[in-house]
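My entries follow in the order in which I made them.

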Amino acid sequence: MRYSGFKVIKEALTGHKGWTPAWRDPAPQAHYDIIIIGGGGHGLATAYYLAKEYKQKRIAVLEKGWIGGGNVGRNTTIIRSNYLLDGNEPFYEFSLKLWEGLEQDFNYNAMVSQRGILNLIHTDAQRDAFIRRGNAMILNGADAELLSTEQIKARYPFLNTEDARFPIKGGLAQHRGGTVRHDAVAWGYARGADSHGVDIIQNCEVTGFRIENGKCLGVETSKGFIGAGKVGCAVAGSSSRLMARADMRLPMESHVLQAFVSEGLKPVLPGVITFGAGHFYCSQSDKGGLVFGGDLDGYNSYAQRGNLPVVEDVCEGGMAIFPSFGRARLLRMWGGIMDMSMDGSPIIDRTHIDGLYFNGGWCYGGFKATPASGFCFAHLLATDAPHPTATAYRFDRFEKGLMIDEKGMGNQPNLH
Amino acid sequence: MIIDHPLLGPRDSSEFTYMGDAKLIDRPDPDADTAARDFYEYGYLRDNPAGWHDELWFHEAGDRSWLVVTRNTLTHEISKVQLARDVARNRGRSK
Amino acid sequence: MTQVNRIGRAQVDFTKTLKFSFDGKSYTGHPGDTLASALLANGVRLMGRSFKYHRPRGPLSAGSEEPNALVELRGGARQEPNTRATTVELFDGLLAKSQNRLGSLKFDLLSINDRFSNFLTAGFYYKTFMWPAAFWEKLYEPIIRNAAGLGSLSLQDDPDVYDKGFLHCDLLIIGAGPAGLSAALTAGRAGADVILADEDFRMGGRLNSETFAIGDASGADWATATVAELASLPNVRLMPRTTVIGAFDHGIYGAVERVSDHMHTPDAGKPRQVLWRIYTKHTVLAAGAIERPIAFENNDRPGIMLASALRTYANRFAVAADRRVAIFTNNDDGHRTASDLHARGVKVVAVVDTRTEAPRSMDYEVLQGQVVDTKGRLGLTFAEVKLADGSMRTLDCGALGLSGGWNPNVHLTCHQRGRPTWNADLAAFVPGDDLPPGMVVAGAAQGDLSTADALAGGAKAARAALGLKGRMPALPEAEDAPVNITPFWYVKGCSRAWLDQQNDVTVKDVKLSHQEGFRSVEHLKRYTTLGMATDQGKTSNMGGLAIMAELAGKAIPEVGTTIFRPPYTPTAIGVLAGRHRGQEFHPKRLTPSHKWAEEQGAVFVEVGNWLRAQWFPKPGETHWRESVDREVLATRKSVGVCDVTTLGKVDVQGTDAAAFLNKIYCNGFAKLAVSKTRYGLMLREDGIAMDDGTAARLAEDHFVVTTTTANALPVYRHMEFVRQCLCPDMDVQLISTTEAWAQYAVAGPNSRKLLEKIVDQDISNDAFPFMACANITICGGLRARLFRISFSGELAYEIAVPTAYGDALMRKIMEVGAEFDVTPYGTEALGVMRIEKGHAAGNELNGTTTAQNLGMGRMISSLKDCIGKTLSQREGLNADGDLRQVGIRPVDPNDPVPAGAHLMNADGPIDAAHDQGYATSACYSPNLGHAIAIGFLKNGSDRMGERMRLVSPLTKVQVDVEITSAHFIDPEGERLRA
């Protein structure tokens with residue numbers, strides 16, 4: 001079914017009887033050409049592009065719970081491509097371009113809103129680093145603008161520039177960055193994949209891989225064995241747990257990242273803003289909630305919840321730049337589990353097991369990567385070669401010393 | 001969270017800095033033939049278990065002890081806290 | 001207007017009258033009122049508008065679960081959006097405005113949305129607004145955004161102060177209703193350290209809203225007496241107006257005490273609110289239960305509220321929501337409301353009971369049937385009832401109480417991912433087995449809904465938590481009615497029947513959600529926004545779940561449970577930040593010469609938490625460059641002094657000290673002679689450069705290590721890791737002495753002459769050559785340390801004294817240096833001189849560069865192991881064409897060479913594929929008379945003299961540059977050794 005304004009009006013006038021399920025609820029078949037494990041944003045996007053762009057058939061997405069229930073449904077919805085390093089920037093720019101055409105592509109309004117993202121600068125060294133980054137963005141074909149404090153103040157008049165412990169000395173803006181309605185991304189990809197014949201199988205937990213003679217033949221699931229020509233894993237947050245079933249140890253740790261939303265407020269924040277001297281970033285949703293976040297809790301965790309010190313740390317950052325937010329109320333806090341990789345960058349690669357492919361290690365940047373991650377993983381699964389924008393995301397980069405370390409924090413995941 | 005420091009008793013976890021898996025104590029032999037591979041695995045690969053995890057915490061705002069904390073990553077329950085130095089000695093580290 | 005709806009007496013102080021205003025109109029109320037009770041007393045039912053359809057809204061509840069009666073409280077910078085009128089304690093001069101309206105509350109122009117409700121169903125926005133593509137952001141979204149949101153922020157800085165505090169106890173009791181009070185009494189009398197917290201300003205919970213007795217007293221009086229006894233116990237801390245917002249790990253609870261919210265403005269010196277972190281061994285959760293409504297057509301009009309709320313308004317506040325009231329119930333509790341209201345002289349038009357076996361009453365009519373529709377544009381006027389026999393009745397009433405059963409308040413049991421379980425007898429979720437460790441649930445929160453059960457449950461919970469032995473003390477007699485409920489969630493066939501009154505989620509939306517396949521509770525909530533409102537669905541989730549279960553042909557628990565996340569109620573961001581805002585956001589670290597520098601008029605800069613003098617402007621200097629150029633030239637010409645106290649310092653002692661340094665530095669230290677200093681480069685274990693600094697050997701077993709300012713903490717942590725975890729048997733001790741020693745760089749050709757005036761020992765070039773170090777005395781006996789090291793490239797020293805003497809030493813240096821025209825210089829001049837000298841600093845040691853990149857690859861000793869050595873040998877870190885540190889100078893000396901710009905070949909395209917490197921640090925060199933930079937260039941060491949382009953498209957700069965050595969000044973190092 002194609003969604004349109006006309007369809008909405010027609011249904012409104014005829015009692016909404018014509019809407020059908022957004023995706024089917026099929027029973028699993030005995031064998032698929034390609035199985036994607038993980039019905040989150042990346043897994044669903046992978047299935048969608050496999051079917052639509054790479055014309056693959058007989059694809060299934062296996063989700064242990066309900067689709068969209070993982071990090072795609074619990075993030076701060078930011079999209080951007082303001083990366084520094086050559087291994088990253090082309091990929092994230094590819095992703096941003098996919099975002100820009102996504103809604104028309106999959107016929108679902110995910111409310112892609114390019115309201116801009118602004119990173120505040122507080123020191124001269126930070127300015128040098130941001131200029132280098134902004135230049136790298138432009139040299140890679142992305143957009144970037146260096147803003148003066150006055151320009152920022154004009155856009156955010158209530159920003160604390162008078163009594164700031166760390167004065168604001170400008171900012172790096174990417175006007176094409178912004179936010180997206182996160183749940184709609186999962187649903188849009190699911191609906192799009194389903195319409196191209198992908199089987200989305202919910203409540204189907206993968207409990208093991210059937211590997212014989214170095215080849216993956218399929219997966220054991222809570223609904224029985226399902227055979228597959230190729231298996232792609234995209235289970236952010238649970239990557240180590242899943243891949244341990246194929247006897248793999250991954251270069252990552254699982255960490256909890258909290259996110260926060262305030263009660264609904266009339267519009268105050270035009271775009272996404274990131275504090276450069278504390279842990280705080282914030283945007284405002286279409287419903288009016290201030291959506292904000294900060295640093296990891298910092299310890300390995302699979303519990304989808306955090307603790308008070310980080311809540312306080314984030315709110316301190318918020319009050320440091322927006323002292324008027326003190327009277328807004330925090331409505332809800334939640335935690336997501338991040339695959340924090342050893343250099344802060346992801347992996348999209350084949351494994352040493354024939355037919356088993358991996359996508360993970362997105363740290364806390366997975367949401368913005370969703371379209372390109374899906375596209376590139378689909379490319380890899382379909383062609384057995386990396387997509388040109390994702391050639392650096394290899395497993396062996398650590399052994400070879402080819403890390404993609406944006407923050408320069410080294411092999412300690414919680415510092416990225 | 002609260003970490004029951006073996007010398008100082010229960011302390012709030014915000015006094016500590018976290019590093020990661022206590023296997024970081026087991027620094028490989030740099031002279032072994034397999035040193036390159038060993039250091040790669042030591043430096044980059046993690047068990048990352050969902051469950052009990054021995055991990056290193058540094059009492060940065062306290063007595064500057066490194067501790068090995070046995071904590072469940074699913075529930076955050078802590079079952080054991082040891083001085084990392086004792087653990088290191090028990091695992092055969094010396095000079 | 002008079003308080004037309006006051007009925008009799010209650011827990012409101014009628015001896016005092018408070019004035020307040022709502023939407024510009026003045027009213028009166030009394031101490032003990034909430035804003036909602038006072039407005040209802042004045043005959044005001046309409047208090048707000050709903051989120052989407054802008055339907056008129058009055059209070060649904062009398063507590064913090066309120067979804068509807070949200071107002072903007074106070075004005076000016078203290079304006080608080082989305083404040084629940086049902087919890088606002090009335091004070092004199094209170095000012096409130098309705099919100100989320102266009103025009104007046106009565107004539108909200110956006111109520112036109114209601115006419116189009118058929119188009120604005122669940123998820124409609126996902127299906128449209130996509131064409132043309134650009135219109136979403138330019139047209140549709142701005143309209144939606146402006147219509148959305150509830151209240152508004154003033155956008156003025158919050159003028160109030162917030163505090164934080166820590167509390168410890170044996171037993172935290174959350175909720176001061178019958179169960180909580182009983183638990184507190186039990187634990188308090190047993191001598192335990194008890195904290196009793198309740199969100200209400202009056203403790204007692206439901207006892208304040210009920211008429212039944214406990215023992216000989218009324219419930220409310222028993223509560224008052226019990227609170228008085230608890231107040232007399234030194235081991236019990238009573239915390240009214242305190243909401244426990246979250247249950248965190250290891251028995252840590254967050255609680256917000258509203259210290260001043262019941263006042264016009266906080267008293268001088270008092271915070272508005274306090275965030276308490278409560279550390280407790282055990283917790284009794286006695287948070288009560290929340291009544292739930294029933295869904296039927298147009299069940300959202302002002303005047304329609306929870307039956308228990310009607311009872312609270314009558315019994316506690318002496319307010320009738322209206323003089324003519326009807327009740328719609330599926331359980332016995334609805335009848336309790338009817339009889340209480342009747343007893344207060346309110347006309348109970350009828351009790352409509354869905355059950356076939358409804359209790360009869362002499363006082364009011366009981367109708368077996370269902371309320372199927374209502375009327376009344378801005379408030380209820382009529383309720384249409386369909387009787388069991390199919391006939392219709394119209395009830396003339398201004399208030400309708402809904403009693404759909406009670407939901408135990410399981411909120412905090414879910415904060416550590418606990419899942420409630422289904423109790424069919426109550427038709428409700430009760431706390432599951434997976435409670436936060438240390439928590440026991442008692443009373444209505446556990447599903448024990450009678451007062452007697454609550455008293456017993458509270459006492460038992462406290463005894464269990466504290467391990468109290470012996471016979472259970474006798475409890476007073478109390479109401480012990482059974483729960484008689486026949487689940488009834490919604491009237492069949494209804495469509496515009498509200499579940500979530502704030503977000504405008506109706507039964508129709510749940511049906512559509514089911515139809516479109518959004519059937520799990522998580523999908524239902526996200527697709528329809530059910531339960532995503534400011535009440536977290538406390539009154540709405542169950543209804544939606546039950547209807548979805550029916551549509552899906554499943555049992556309710558199969559559809560899913562609704563779990564809750566912190567905070568329990570929305571919490572001011574200000575209180576979570578506390579005092580950490582403005583200048584107090586982070587602590588300030590000041591160097592010992594800070595006051596002196598202030599006296600000199602220094603401009604300061606933030607370096608981490610430190611404040612450092614950036615430059616020292618002299619009279620007449622109008623641009624920072626004038627000052628910095630002067631400082632640089634004066635230092636290189638004669639002598640300058642700079643406070644370098646912020647550099648990290650680590651004292652390393654022990655017989656294995658040298659072996660230890662050999663381990664942490666990539667270059668060798670074992671053979672460093674006593675009284676000598678050596679530059680050291682530290683690698684991370686991954687082989688990347690971590691930090692650099694010097695290590696001075698003051699004795700065979702004693703070194704002083706310096707680190708960069710930024711890395712002082714991580715380097716010390718790393719050194720302790722190596723010491724304790726990798727080399728536990730080394731005889732070596734570390735201590736950070738960063739703050740123990742004040743340290744000054746004295747640099748320039750006259751630095752020795754200057755220091756000779758204060759140092760007691762011989763520091764001639766022979767006695768104290770380049771890289772020498774020593775414990776010395778100055779000024780006739782004051783202990784100090786002297787290092788002949790140079791960051792500037794000049795003949796230079798760093799001199800350290802105990803911190804307490806730092807200020808005095810700086811003044812002394814200035815005094816004795818006057819004859820050499822000694823010039824204090826700041827971090828800018830320091831930076832210029834180190835760039836002129838090609839020394840790497842933070843911009844170069846950026847966590848991705850190797851020793852090779854920095855031109856120090858040969859420093860990695862082949863003779864020994866060190867941290868990072870093995871992994872530094874990986875092929876990717878040693879590839880041909882690697883980056884090398886170089887100098888960059890403009891071909892045209894008038895051109896800038898900006899840091900952050902990228903290097904491109906002299907010819908060819910300018911894009912990422914042709915990127916050759918980048919400039920890391922740049923400055924104007926007053927010695928060379930043009931700008932210079934250092935940076936990293938592919939194959940840089942082989943490209944000296946090459947012409948390139950330095951491009952910064954971001955700042956629209958492109959200049960022709962020449963690659964040079966990074967050592968712009970004195971490349972042979974003659975000045976150092978002079």
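I began with strand 4 (residues 117–120) of chain A, which runs parallel to strand 13 (residues 272–274) of chain A and is joined to it by three bridges. For Leu118(A), I found the bridge partner Ile273(A) in strand 13 of chain A. I count strands as paired if DSSP finds at least two bridges between them. Strands (E, at least two residues) and helices (H or I, at least four) are DSSP runs, numbered from the N terminus.

I note that this is a predicted model: local features need pLDDT of at least 70, side-chain atom pairs count only at pLDDT 80 or more, and totals for chains, interfaces and linings use all residues. Residues are numbered from 1 along each chain as its sequence is written, while chains are lettered from A and ligands numbered from 1 in the order in which they are written.

I then traced the open sheet of nine strands, with mixed pairing, and wrote down the order 5(A)-6(A)-4(A)-13(A)-14(A)-15(A)-12(A)-16(A)-30(C). Its edge strands are strand 5 (145–147) of chain A and strand 30 of chain C, each of which pairs on one side only. Helix 4 (residues 124–139) of chain A packs on the sheet, where it touches strand 4, strand 5 and strand 6 (171–174) of chain A, and its direction makes about 20° with that of strand 6 of chain A. I took contact as C-beta atoms, placed from the backbone, within 7 Å. Angles run from 0 to 180 degrees between N-to-C directions, with axes as lines fitted to C-alpha atoms, for helices over the stretch in contact. I also found helix 8 (residues 308–321) of chain A lying across strand 12 (252–264), strand 14 (281–284), strand 15 (289–300) and strand 16 of chain A, at about 135° to strand 15 of chain A.

**Where chain C meets chain A**

Which strand of chain A pairs with strand 30 of chain C? I found strand 16 (residues 329–341) of chain A, antiparallel to strand 30 of chain C and joined to it by two bridges. Arg329(A) stands opposite Ala572(C) there.

Over the whole interface, 91 residues of chain C are in contact with 88 residues of chain A. Helix 3 of chain C gives the largest share of the chain C side, five residues. I sorted that side into 33 nonpolar, 36 polar and 22 charged residues. Here Ala, Val, Leu, Ile, Met, Phe, Trp, Tyr, Cys and Pro count as nonpolar, Asp, Glu, Lys and Arg as charged, and the others, Gly among them, as polar.

**Within chain C**

I looked up an open sheet of seven strands in chain C, with mixed pairing and the order 17-23-18-19-20-21-22. Strand 17 (304–306) and strand 22 (392–396) of chain C are at the edges with a single partner strand each, so one side of each has no neighbour in the sheet. From one strand to the next the twist averages 35°. Strand 18 (residues 324–329) and strand 19 (residues 347–353) of chain C run parallel, joined by six bridges, and Val325(C) has Val348(C) as its bridge partner.

Strand 49 (residues 947–952) of chain C pairs antiparallel with strand 46 (residues 902–905) of chain C over four bridges, with Arg949(C) as the partner of Met904(C). Six bridges join strand 49 to strand 50 (residues 957–964) of chain C, also antiparallel. In the hairpin of strand 49 and strand 50 of chain C, with four residues between the strands, Lys956(C) takes a positive phi near 60°.

Key
Two residues are in contact if their C-beta atoms, placed from the backbone, lie within 7 Å.
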